[in-house]
Amino acid sequence: MSAGWGSRETLDVTLVEPELVVEVGLDVARDASGRWRHPARLHRPCPDLSPADAPLWTSPPH
């Protein structure tokens, strides 16, 4: 995984089991590769939901 635009630095990735559902805000702007142009913003935790209640996000919306 690339560390950022124009960067050749490689990041290590650690997969984890989700334990908390949170609400996030995303800007709809994407680059030519389909990646978000701006970081996601945390709005609030949703302790009333379990990770099993959240839909899987397998591909970016179009």
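Figure 1. Glutamate 17 is exposed, and its relative accessible area is 67%. That value is over the 50% cut-off for calling a residue exposed. Keep in mind as you look around that this is a predicted model. Now find proline 51: 34 residues separate it from glutamate 17 along the chain, and the C-alpha atoms of the two are 9.1 Å apart.

**Figure 2. Leucine 20 and its proline neighbours.** Leucine 20 is also part of the segment before E1. Which residues does leucine 20 touch, once those up to four places away in sequence are left out? They are Pro45 and Pro51. Another proline to look for here is proline 47, which is 27 residues from leucine 20 in sequence, with 6.9 Å between their C-alpha atoms.

**Figure 3. A salt bridge between glutamate 23 and arginine 44.** Side chains that carry opposite charges can pair if their charged atoms come close. In this view, glutamate 23 and arginine 44 make such a salt bridge, and their closest N and O atoms are 2.8 Å apart. Glutamate 23 sits in strand E1 and arginine 44 in strand E2, so the pair ties together parts that are 21 residues apart in sequence. Are the two partners buried or partly exposed? Glutamate 23 is partly exposed at 33% relative accessibility, and arginine 44 is partly exposed at 42%. If you search the whole structure, you will find one salt bridge.

**Figure 4. Aspartate 31, a buried residue in a loop.** Here we visit the loop between strand E1 (22-25) and strand E2 (41-45), where aspartate 31 is placed. Aspartate 31 counts as buried because its relative accessibility is 17%, and the cut-off for buried is under 20%. Look next at serine 33: its backbone nitrogen is 2.9 Å from a polar atom in the side chain of aspartate 31.

**Figure 5. The protein chain as a whole.** Let us step back from the close-ups. How many helices and strands does the protein chain have? The count is zero helices and two strands. The chain has 62 residues, and 6% of them count as buried. Its accessible surface is about 5900 Å², with 56% belonging to carbon and sulfur atoms. Take the contacts between residues at least 6 apart in sequence: 35% of these join residues at least 24 apart.

Definitions and conventions: Residues are numbered from 1 along each chain as its sequence is written. This is a predicted model: local features need pLDDT of at least 70, side-chain atom pairs count only at pLDDT 80 or more; totals for chains, interfaces and linings use all residues. Side-chain values use heavy atoms; hydrogens and water are left out. Helices (H or I, at least four residues) and strands (E, at least two) are DSSP runs, numbered from the N terminus. Buried means under 20% relative accessible area, exposed over 50%, partly exposed in between (1.4 Å probe, protein chains only). A polar contact is a pair of N or O atoms within 3.5 Å; within protein, one must be able to donate a hydrogen and the other to accept it, and residues adjacent in sequence count only if both atoms are side-chain atoms. A salt bridge is a side-chain nitrogen of Lys or Arg within 4 Å of a carboxyl oxygen of Asp or Glu. Contact means heavy atoms within 4.5 Å. Accessible areas come from the Shrake-Rupley method with a 1.4 Å probe; for residues, only the protein chains shown count as cover.
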